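Please look over the model below. The report that follows starts from a single residue and then widens to the fold.

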Amino acid sequence: MAPPGSECLTLKGVIKTAAIKESFNYKLWRYDGAPGELIPLLQSAQEHFGYIPRRAITYISGVTTIPESDIYGVITFYSQFRLQPMGKFVVRACAGTACHVSGAKSIIDTIEDELGVEIGDTSPDGLFTLLTVACIGCCSLAPVVMINDDTHGRLTPASMRKILKEYRRKGKEIAEGAVGAS
Ligand code: FES
């Protein structure tokens, strides 16, 4: 049975991956307006897109009849939800105890300054997203930052800037290669 109100809406272009679509539909089908049921719906959308795009909010609102403004309210309340896509490079700066006492704050300040972002944001060029984590698990290298799957340790503000510049250069090369190949 289709969820109430969904007949005028289409999943096409909204939820593409079969498994996610199935899970999303299942949650919509079970939706009965109980408090807290919106969260799993939003998690499904974010799982698929990496963030929650405007069109997913419109779709969820249409099916559940929850006003879009209320959905935005929930999204902005919980830090797990993102309204922006993730950058090509996800920078996870460790703010755990070992890193904190080894100067994590100055490293995070340096990243924010170099990229022109705050924690949780994606840079305007779409290359970097800055997040913080509690511990990356290599405290002996503190302060530590992970960029995608690569770990960078014993950082100083100067070495952090150098590393970010290198990633920016790589990101531009990839973008130019993609344009040249198209
Ligand atoms: S506290 Fe930073 S890696 Fe453990």
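## Contacts of I57

Leaving aside neighbours within four places in sequence, I57 is in contact with I52, E68, I71 and Y72. This is a predicted model. I57 sits in helix α3, which covers residues 54-64. One of its contacts, I71, is 14 residues away along the chain. The C-alpha atoms of I57 and I71 are separated by 7.0 Å.

Is I57 buried, exposed or partly exposed? I57 has 19 other C-beta atoms within 10 Å. A buried residue needs 20 or more, and an exposed one has 12 or fewer. I57 is therefore partly exposed.

## Helix α2

Helix α2 takes in twelve residues, 38-49. At 1.5 Å a residue, α2 should span 16 Å. Its end C-alpha atoms are 17 Å apart, which agrees.

Which residues of α2 are buried? They are L41, L42, S44, A45 and H48. Seen down the axis of α2, these buried residues fall within an arc of 155 degrees, so they line one face of the helix. Just after α2 comes G50, which takes a positive phi of about 90 degrees.

## The sheet

Four strands make an open sheet. Their order is β2-β1-β3-β4, and the pairing is mixed. The edges are held by β2 (128-133) and β4 (150-152). Each edge strand has a single partner strand, so one side of each is left without a neighbour in the sheet. From one strand to the next, the twist averages 20 degrees.

Strand β1 (residues 89-94) runs parallel to β2. How many bridges join β1 to β2? There are six. Residue A93 has T132, in β2, as its bridge partner.

## A helix across the strands

Helix α6 spans residues 104-115.

## The whole chain

The protein has seven helices and four strands. Along the sequence, the pattern is α-α-α-α-β-α-α-β-β-β-α.

Of the 182 residues in the protein, 24% are buried. Consider the contacts between residues at least 6 apart in sequence: 61% of them join residues at least 24 apart.

Notes:
Residues numbered from 1 in each chain as written. Predicted model: local features only at pLDDT ≥ 70, side-chain atom pairs only at ≥ 80, totals over all residues. Helix = DSSP H or I, 4+ residues; strand = E, 2+ residues; numbered from the N terminus. Expected span 1.5 Å × (residues − 1). Arc of directions from axis to C-beta. Pairing = 2+ DSSP bridges. Axes fitted to C-alpha atoms, helices over the stretch in contact; angles between N-to-C directions. Contact = placed C-beta atoms within 7 Å.
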